[in-house]
Amino acid sequence: MIKNKFITVGFVTPKGWHYRIYDDFIWLKTPGWLLARHVTLYYNGLKTNEVFWKETKVNVKVDPALFTPPTADPG
């Protein structure tokens with residue numbers, strides 16, 4: 001496990017400046033992959049989201065509905 005290390009990434013998007021902080025890394029032996037279990041996302045300097053991974057599975061079947069976009073908001 002890598003402790004007290006983080007990686008940052010920033011880039012321009014249609015919504016403005018997007019900045020991410022990747023933290024809490026673990027090494028997955030198979031398939032040999034470094035995973036950040038905590039990612040914080042910012043747009044234009046405002047924190048918009050935090051993602052925490054508690055479980056990781058590699059090469060498992062994923063329900064296609066997971067990637068279905070939401071319907072348009074009628075409001």
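This is a predicted model: local features need pLDDT of at least 70, side-chain atom pairs count only at pLDDT 80 or more; totals for chains, interfaces and linings use all residues.
Me: Which residue does E55 form a salt bridge with?
Reply: E55 pairs with K57, and their closest N and O atoms are 3.3 Å apart. A salt bridge here is a side-chain nitrogen of Lys or Arg within 4 Å of a carboxyl oxygen of Asp or Glu.

Me: How many salt bridges does the count come to?
Reply: The count is 3 salt bridges. One of them joins the side chains of E50 and K47, at 3.3 Å from N to O. E50 is partly exposed, with 33% relative accessible area.

Me: And which side chain does R37 meet in a salt bridge?
Reply: That of D24, at 3.0 Å from N to O. R37 lies in strand β3 and D24 in strand β2, so this pair ties together parts that are 13 residues apart in sequence. R37 is partly exposed at 23%, and D24 is partly exposed at 31%.

Me: What's the phi of D24?
Reply: Positive, about 55°, although D24 is not a glycine. N59 has a positive phi too, near 60°, and is also a residue other than glycine. N59 sits in the segment after β4 and is exposed, with a relative accessible area of 79%.

Me: Switching to the fold: how many helices and strands does the protein have?
Reply: There are 0 helices and 4 strands, giving the pattern β-β-β-β along the sequence. The radius of gyration is 16 Å, well over the 11 Å that the globule rule gives for 75 residues, so the protein is more spread out than a compact globule. That radius is taken over C-alpha atoms, and the globule rule is 2.2 Å times the number of residues to the power 0.38. Helices (H or I, at least four residues) and strands (E, at least two) are DSSP runs, numbered from the N terminus.

Me: What box do the C-alpha atoms fill?
Reply: Roughly 45 × 35 × 20 Å, taken along the principal axes. Buried residues make up 16% of the 75 residues.

Me: In which sense do β2 and β3 pair?
Reply: Antiparallel, over 10 bridges, with β2 covering residues 16–28 and β3 residues 33–43. For strands to pair, DSSP has to find at least two bridges between them. I21 has T40 in β3 as its bridge partner. The two strands form a hairpin with 4 residues between them, and G32 in the turn has a positive phi of about 75°.

Me: And how many bridges do β3 and β4 pair over?
Reply: There are 6, again antiparallel, with β4 spanning residues 46–52. H38 stands opposite F52 in β4. This hairpin has 2 residues between the strands, and N44 takes a positive phi near 50°.

Me: One on H18: buried or exposed?
Reply: H18 is buried, at 1% relative accessibility, and its place is in strand β2. Leaving out residues up to four places away in sequence, H18 touches V9, G10, F11, T13, L41, Y42 and Y43. Contact means heavy atoms within 4.5 Å.

Key. Residues are numbered from 1 along each chain as its sequence is written. Side-chain values use heavy atoms; hydrogens and water are left out. Buried means under 20% relative accessible area, exposed over 50%, partly exposed in between (1.4 Å probe, protein chains only).
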